[in-house]
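Here's a quick briefing to read with the model open beside you.

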Amino acid sequence: MSGLELVDVRKSYGSTPVLDGVSLSVGPREFIAFLGPSGSGKSTLLRLIAGLEVPDSGAISLDGRRIEHLPPGERGVAMVFQHYALYPHMTVRENLAFGLHNAGTARDEIAARIDQAAAVLEIDALLERKPGQLSGGQRQRVAIGRAIVKQPRLFLLDEPLSNLDAALRNRTRVELAQLRRRVEAGVIMVTHDQAEAMTLADRIVVINERRIQQVGAPLEVYARPANAFVAGFVGSPAIALLPATVTGSGVHAQVRLAGGAEVQTRVPCAVLPPEREVRLGLRPENVRVVAPGSGTCDAETILVERLGDRTLIYAQLAGGEELTAIDEGTSALRIGDRVGLAIDGGSAHIFGGDGTGYHAEHPA
Ligand code: ADP
């Protein structure tokens with residue numbers, strides 16, 4: 001079996017469990033993002049794959065070979081850290097060569113690999129400079145170059161963009177996406193930034209509270225979140241989760257919000273649990289601002305975010321629940337204004353008492 005395979009991997013630090021039975025298959029050239037809040041265990045999982053930690057139990061295989069007890073250098077993986085520690089007294093070329101020299105790689109081979117990595121990363125002109133003479137983005141590229149020259153089968157990136165300022169972050173994100181097409185290897189990237197995960201990864205692994213919550217393509221995770229945590233973590237502004245009661249008994253569930261408004265969803269009643277008290281998940285694109293009295297319900301504007309092409313209206317319902325709606329870019333609304341909200345239940349989600357997500361059969 002080629003690619004990376006994790007089977008029931010567990011890890012504790014002392015008596016504190018950090019990962020509780022993680023199983024995952026990664027294809028040989030897949031770009032995977034581990035996405036989750038701080039402290040959820042993402043870095044620990046990456047470090048277990050890198051060989052910087054040993055699991056308490058479970059198996060880790062790369063291309064069919066068990067690696068969980070091998071030292072990092074023998075695993076065929078290369079890790080790029082958040083704090084890319086380059087040797088300050090060495091040139092870029094020497095930094096790139098260092099690990100290969102230590103591994104006994106022949107001089108010609110080292111030179112060839114450095115040339116190739118420099119071309120891929122477009123850092124040819126920087127090879128004789130010291131790290132102190134590079135910008136943050138250039139240093140980050142050299143750190144990635146150090147991983148490339150090892151010719152790993154799998155790159156492991158720990159929050160590679162988090163030290164960069166916003167503009168550089170966007171540019172480096174594009175570069176990472178391009179780079180990925182030029183190297184014959186898989187990539188696993190740890191991030192807490194859902195936009196980063198959504199734009200770069202083939203599949204996202206959402207991690208929370210020591211467990212994988214969902215694995216899927218970015219749009220799949222967005223459109224069919226396995227549970228309320230995933231729904232809340234993926235998507236910005238966040239999905240609103242409103243207390244609701246299932247009222248209708250037709251093919252698709254109808255729900256009543258706390259204030260009395262009825263919303264017709266396309267979630268099949270047949271898949272819902274028997275309980276009637278649920279939460280209705282509404283993303284901003286499911287809620288439009290209309291004149292007061294003419295929508296599904298009325299609300300008060302509590303925050304206005306003007307993005308140019310559209311305006312995000314953060315609104316509060318009579319019962320205190322908050323949700324985000326979309327208005328025209330030219331919206332004249334101000335904080336405190338009363339608005340009507342037209343809720344499109346066709347793509348809405350329903351979450352059961354245990355948090356499980358239920359989705360529209362054929363979203364509108
Ligand atoms: P993330 O990368 O998602 O922020 P980590 O994997 O770094 O999370 O950490 C997961 C949990 O394990 C955290 O609660 C953290 O405090 C704990 N932890 C991480 N490394 C160690 C360690 N070396 N010793 C003890 N606890 C640790």
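A polar contact is a pair of N or O atoms within 3.5 Å; inside the protein, one atom must be able to donate a hydrogen and the other to accept it, and residues adjacent in sequence count only if both atoms are side-chain atoms. With that in hand, look at Thr44: an N or O atom in its side chain sits 2.5 Å from an oxygen atom of the ligand.

A word on where this comes from: it's a predicted model, where local features need pLDDT of at least 70 and side-chain atom pairs count only at pLDDT 80 or more, while totals for chains, interfaces and linings use all residues. Residues are numbered from 1 along each chain as its sequence is written, and side-chain values use heavy atoms, leaving out hydrogens and water.

**Around the ligand**

- The protein covers 54% of the 560 Å² of accessible area that the ligand has on its own (areas come from the Shrake-Rupley method with a 1.4 Å probe; for residues, only the protein chains shown count as cover).
- A polar side-chain atom of Ser43 is 2.7 Å from a ligand oxygen, and a backbone N or O atom of Gly41 is 3.0 Å from a ligand oxygen.
- The residues around the ligand (those with a heavy atom within 4 Å of it) include Tyr13, Val18, Pro37 and Lys42.
- Helix H1 (residues 42-50) gives the largest share of this shell, three residues; helices (H or I, at least four residues) and strands (E, at least two) are DSSP runs, numbered from the N terminus.

**Glu53, in a loop**

- You'll find Glu53 in the loop between H1 and strand S4 (57-62).
- Glu53 counts as buried because its relative accessibility is 16% (buried means under 20% relative accessible area, exposed over 50%, and partly exposed in between, with a 1.4 Å probe and protein chains only).
- The Glu53 side chain makes a polar contact with the side chain of Tyr13, at 3.3 Å.
- Leaving aside neighbours within four places in sequence, Glu53 is in contact (heavy atoms within 4.5 Å) with Lys11, Tyr13, Arg47 and Leu48.

**The nonpolar cores**

- The largest nonpolar core has 46 residues, and Ile148, Leu176 and Leu179 have the most contacts inside it.
- Helix H3 (residues 107-121) gives the most to this core, with six residues.
- Apart from that core lies another, of 31 residues, with Leu257, Val278, Ala325 and Leu341 among them.
- What's a nonpolar core, anyway? It's a set of buried Ala, Val, Leu, Ile, Met, Phe, Trp, Tyr and Cys residues joined through side-chain atoms within 4.5 Å.

**Helix H2**

- In helix H2 (residues 92-102), Val92, Asn95, Leu96, Ala97 and Leu100 are buried.
- The buried residues of H2 pack against H3 and helix H4 (136-148).
- After H2 comes Gly104, with a positive phi near 80°.

**Thr301, in a strand**

- Thr301 belongs to strand S16 (residues 297-306), and it counts as buried because its relative accessibility is 0%.
- Thr301 and Gly336 are 35 residues apart in sequence, yet their C-alpha atoms are 5.1 Å apart in space.

**The whole chain**

- The chain has eight helices and 21 strands.
- Of its 364 residues, 49% count as buried.
- Its C-alpha atoms fill a box of roughly 75 × 45 × 35 Å along the principal axes.
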